[in-house]
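Please keep the structure open while reading.

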Amino acid sequence: MNTAAIAKVISGTAIVCALMCSCMKGSGLPGIVPLPGSVVAEKGEFVLLGESDIYIASDAEGMEYAADELKTVLSGICGVAVLESDDPGASVVLGLSDELGESSYLLDISPDRIKITGGDPAGVFYAVQTLKQLVPAQAYNGKAGRVSIPAVVINDSPKMMYRGVMLDAARHFFTKDEVKKFLDIMALHKMNVFHWHLTDDQGWRIEIDSYPELVGTGSVRKRTIVGKDPGGEYDETTVYDETPHSGYYTKDDIREIVEYARRRFITVIPEVEFPGHAVAALASYPWLGCTGEQYEVRQTWDIDDRVFCIGKESTFRFFEDVLAEVTDLFPSEYIHIGGDECPSKMWEKCPHCNRRMEQEHLDSYRQLQAYGTFRLEKFLESRGRRIIGWDEILEAGISPSAVVMSWRGTEGGIKAAKSGNYVVMSPTGYSYFDYYQTRNTENEPLAWGGYLPLEKVYSFDPYEGLDADDKKFVLGVQANLWTEYIPDFRQAEYMLLPRLAAMSEVAWSSASGNYPDFRARLADFLELYRSFGYTFSETALRE
Ligand code: TNX
């Protein structure tokens, strides 16, 4: 505990529930996900009954967010309202210790008090997430009577510092409140990076003042293909829903979401795609493309040939203006610039692109892409930021400061790590939550395809193929939720849960749990999903 810290005090009103206890499942401790470093059961239980006050023994920035989270948890139990008090001998004490590492915590529950000590406020916040799982799930729906928490000492710290989840809000739009719920789900799983995919062929979802048509035109898709995309083979038999799909985030929405995330110790990394996945932008401003043709916001999925022109200077002026506004909104060190799946078909016929290649002595279209990426990186660097890109950015060489997000397997990540670039491992085989979670797909909602069962996610070893020296370049892992076939938030939750529980363990837990042990703990965690009203896949549990 940092005793020098200035005392700030919150006191709680009585936590009084009727004495009709349904309490903890079974006799032992509930299972905790992700698996903590060490859990030592003690004798007895802490009973939330009568007066419960909270004492915060540090005024470090962020402590109030962790305290708010605790207040939310407590007030969610039997509707208790928590107020301030100034008693260092309070029944709940939150503090910091220099002896604990980043995001680490010690949660010490005895019959007479709950003591939470973090290496930093994030650690305290994660202790509260663990505490949520020690409270009987029934307490959240008002069904528990006398609420008791088992005495225990938990010592915990994260394995990886980048624990990401990506949401594609371009293919389908999710409201501000849905995004907040997504962040709540992330926080419960101790995930700390929200990668927000905001632009793509099928929609541009971020308001940019200097280019109003990006949302004026680019956020509206006239209609959407019905069923599975035949992969470029569209003709008069292709069926569309004839329903416009639209939506975008205003700057105020974005500020609100970034702040909401910050209070949950989640960094938001925005992604603005360059140079592919560009059709919604080109539909808004045709001069961004090689030919200047007017396109419509794309109504089908699959990869598109229509990409940003890298020959014209106006494309770079556009990106600098857009990225200036993006960096004003998002304080994250990293900005994701896409980089994936960019065909060169348009560039091959484009006089501007060919002139650029001659002038810059570029030998291939991948080098042309690398030239463009490098210019965006330079601009972002001038604003104190660094780039992340999908692993295609590796193909014609990247600067040492670029971070590679390895999605086509882990090979790109391994190659990047070996050459000293930081990487995030996010391979399709373990991280693509738009893939089916069962082999029995008849009764499942239509998905992208693939097969990614819970156990496979759990078995992910992001360090495989790397020796000790290279491992330090792996910042972490990320689950990706692409939403071509995810039209609403309920389905997003269904695809995310419970696989996110498995990914959270890959990202957080150093102590290795075996799969049956994880499944046993997950059974308790699912009770919490139920209490919080989160939709999850039951089929995933039957695989
Ligand atoms: C590949 S992963 C894409 C996305 C699709 C996804 C579907 C990546 C960088 N690009 O545009 O939505 O596959 O699984």
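A polar contact is a pair of N or O atoms within 3.5 Å; within protein, one atom must be able to donate a hydrogen and the other to accept it, and residues adjacent in sequence count only if both atoms are side-chain atoms. The model is predicted, so local features need a pLDDT of at least 70 and side-chain atom pairs count only at pLDDT 80 or more, whereas totals for chains, interfaces and linings use all residues. Residues are numbered from 1 along each chain as its sequence is written, and side-chain values use heavy atoms, with hydrogens and water left out.

**Ligand surroundings**

- A polar side-chain atom of Asp340 lies 2.8 Å from a nitrogen atom of the ligand, and a polar side-chain atom of Glu341 lies 3.4 Å from a ligand nitrogen.
- Glu484 places a polar side-chain atom 2.6 Å from an oxygen atom of the ligand.
- The residues around the ligand (a residue is near a molecule if one of its heavy atoms lies within 4 Å of it) include Arg171, His277, Trp390, Trp407, Tyr432, Asp434, Trp448 and Trp482.

**Confidence**

- The chain averages a pLDDT of 92, and 93% of the residues score at least 70, where pLDDT is the predictor's confidence in each residue, from 0 to 100.
- Over residues 1–27 the pLDDT is below 50, although this stretch has 100 contacts in the model beyond near neighbours in sequence, contact meaning heavy atoms within 4.5 Å.
- Where pLDDT is low, the predicted coordinates should not be read in detail.

**Salt bridges**

- The structure holds 35 salt bridges, each defined as a side-chain nitrogen of Lys or Arg within 4 Å of a carboxyl oxygen of Asp or Glu.
- Side chains of opposite charge can pair when their charged atoms come close.
- Asp184 and Arg264 meet through their side chains in a salt bridge with an N to O distance of 3.1 Å. This pair links distant parts of the chain, 80 residues apart, with Asp184 in helix H3 (residues 176–188) and Arg264 in the loop between helix H5 (251–262) and strand E16 (267–274); helices (H or I, at least four residues) and strands (E, at least two) are DSSP runs, numbered from the N terminus.
- Asp184 is partly exposed at a relative accessible area of 24%, while Arg264 is buried at 15%; buried means under 20% relative accessible area, exposed over 50%, and partly exposed in between (1.4 Å probe, protein chains only).
- Lys418 forms a salt bridge with Asp470, their closest N and O atoms being 2.9 Å apart. Here too the pair links distant parts of the chain, 52 residues apart, from Lys418 in helix H11 (residues 411–418) to Asp470 in helix H14 (residues 468–471).
- Lys418 counts as partly exposed, with 47% relative accessibility, whereas Asp470 is buried, with a relative accessible area of 10%.
- Glu259 and Arg263 form a salt bridge of 3.1 Å, N to O, between their side chains; Glu259 is partly exposed at 28%, and Arg263 is likewise partly exposed, at 33%.
- A network of salt bridges links Glu259 and Arg263 with Glu61, Asp68, Lys71 and Arg262.

- H2 is mostly covered, with 14 of its 14 residues buried.
- Helix H15 (residues 489–496) is also mostly covered, seven of its eight residues being buried, among them Phe489, Tyr494, Met495 and Leu496.
- The buried residues of H15 pack against several elements, including strand E10 (162–168), H3, strand E23 (474–481) and helix H16 (499–508).
- Asp488 caps the N-terminal end of H15, with a side-chain oxygen 3.3 Å from the backbone nitrogen of Arg490.

**Two serine residues**

- Ser399, in the loop between strand E18 (386–390) and strand E19 (403–406), is buried at a relative accessible area of 10%.
- A polar contact of 2.5 Å joins the side chains of Ser399 and Glu377, and Ser399 touches Phe374, Glu377 and Asn421 when residues up to four places away in sequence are not counted.
- Ser110 belongs to strand E7 (residues 105–110) and counts as buried at 17% relative accessibility.
- Leaving aside neighbours within four places in sequence, Ser110 is in contact with Phe46 and Ala151.
- Ser110 and Ala41 are 69 residues apart in sequence and 9.9 Å apart in space, C-alpha to C-alpha.
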